[in-house]
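Hi,

Here's the structure I promised to pass along.

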Amino acid sequence: MAKLDGKKLLACCANGAGSSLLMENAIKKVMTRNNIKPAAISHCAVSEGKSAAPNYDVVLCAKPFAKTFEGIDTSKTTLITLKNVMSDKEIETALKDAGLID
Amino acid sequence: MSTVLQDIVAKKHYKFIDGEGLTWQEAVKQSTESLIADGSVSKDFYKQIIACIEKYGPYMVFEHNVAMPHTTENAEGVYKTGIGFMVCKKLIDFGVDEDGEKKEANLFFTLCSANPTEHMNNIQQLANIFQNEPLLDALAVATTPEEILAAEEKYPCEEE
């Protein structure tokens with residue numbers, strides 16, 4: 001079983017309407033390619049992201065938004081920051097580096 | 001079903017400019033003009049996009065000089081879902097990102113969303129376009145709507 005099976009992932013951007021959707025799209029590609037079946041892949045605005053983070057196992061955002069998530073419980077939620085939010089390759093590498101994909 | 005680029009042409013949501021000496025703020029404003037023309041957005045919509053970029057930096061300028069200016073779903077002054085496409089001959093300077101890397105754009109895909117389903121469909125197609133470098137190169141030198149369609153015909157995005 002893959003580590004991210006049944007887990008919940010959240011993509012955040014400034015407004016929750018543009019880049020976070022691109023991210024969500026790229027995350028789906030990575031999940032399909034690695035045969036992972038997460039429980040949910042969602043997106044939202046960073047303004048809601050921090051309060052939503054505890055409900056997710058992984059939160060992904062573009063680098064400029066990393067500060068927004070300072071203080072979240074990283075033992076429960078892994079924060080992944082991305083340079084290029086639509087790059088499925090970068091997302092895949094980041095998840096591997098975080099030990100979430102074998 | 002039509003592609004987003006066919007949609008852009010059918011709705012006349014395009015603009016071709018030289019861009020010499022334009023600030024990114026002026027460029028963002030101009031990229032919304034085709035959306036204002038058919039009542040997709042209000043004439044002040046661009047101000048929200050500028051405020052967002054001023055707040056968070058040019059994170060919506062991606063690789064290959066592609067900019068995707070946008071605000072939030074159901075933003076104020078948005079009446080329809082669409083994409084305002086703009087080609088600039090000259091690169092528009094968006095300053096530097098958080099790593100000090102220069103951000104420039106000559107292709108603008110300015111988003112407005114009043115309908116999440118349509119918007120998601122637009123984004124999925126744009127994600128494929130943004131990774132289709134030959135198509136982006138062809139779009140960057142387009143000067144007419146016919147050339148937009150020809151570029152897509154020549155370099156179609158793979159269906160996923």
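Predicted model: local features only at pLDDT ≥ 70, side-chain atom pairs only at ≥ 80, totals over all residues.

**Chain B overall**

Chain B has seven helices and five strands. Going along the sequence, they come in the order α-β-α-α-α-β-β-β-β-α-α-α. The C-alpha trace spans about 35 × 30 × 30 Å along its principal axes. As for the contacts in chain B with a separation of 6 or more, 68% of them join residues 24 or more positions apart.

Next, have a look at helix 6 (residues 133-140) and helix 7 (residues 145-154) of chain B. Two packed helices are described by the angle between their axes and the distance between the axes. For this pair the angle is about 160 degrees and the axes are 9 Å apart. Angles over 145 degrees count as roughly antiparallel, and helix 6 and helix 7 of chain B are therefore roughly antiparallel to each other. Their crossing is right-handed. Who meets whom? From helix 6 of chain B come B:Leu135, B:Ala138 and B:Leu139, and across from them in helix 7 of chain B sit B:Ile148, B:Ala151, B:Glu152 and B:Lys154. By class, the residues of this contact are five nonpolar and two charged, with no polar ones.

**Where the chains touch**

Between the chains, 20 residues of chain B are in contact with 16 residues of chain A. On the chain B side, helix 4 (45-56) and helix 5 (116-130) each supply at least two of the residues that touch chain A. Which of chain B's elements gives the most to that side? Helix 5 of chain B does, with five residues. Sorted by class, the side of chain B that touches chain A has eleven nonpolar, six polar and three charged residues.

**A couple of positive phi values**

Most residues other than glycine have a negative phi. B:His64 is not a glycine, yet has a positive phi of about 65 degrees. B:Asn65 also has a positive value, with phi near 55 degrees. B:His64 lies in the loop between strand 2 (61-62) and strand 3 (66-67) of chain B, and B:Asn65 is in the loop between strand 2 and strand 3 of chain B too.

**One spot in chain A**

Last, A:Asp57. You'll find A:Asp57 in the loop between helix 2 (46-52) and strand 3 (58-62) of chain A. A:Asp57 counts as partly exposed, with 19 C-beta neighbours inside 10 Å; the cut-off for buried is 20 or more. Setting aside neighbours within four places in sequence, A:Asp57 is in contact with A:Lys7, A:Lys8, A:Leu9, A:Thr77 and A:Thr78. Take A:Thr78 from that list: A:Asp57 and A:Thr78 are 21 residues apart in sequence, while their C-alpha atoms are 6.2 Å apart in space.

Cheers

Definitions and conventions
Residues numbered from 1 in each chain as written. Chains lettered and ligands numbered in written order. Axes fitted to C-alpha atoms, helices over the stretch in contact; angles between N-to-C directions. Helix = DSSP H or I, 4+ residues; strand = E, 2+ residues; numbered from the N terminus. Parallel < 35°, antiparallel > 145°, perpendicular 65-115°, else oblique. Left-handed = near helix turned anticlockwise from the far one by under 90°. Contact = placed C-beta atoms within 7 Å. Nonpolar A, V, L, I, M, F, W, Y, C, P; charged D, E, K, R; others polar. Buried ≥ 20, exposed ≤ 12 C-beta atoms within 10 Å, placed from the backbone.
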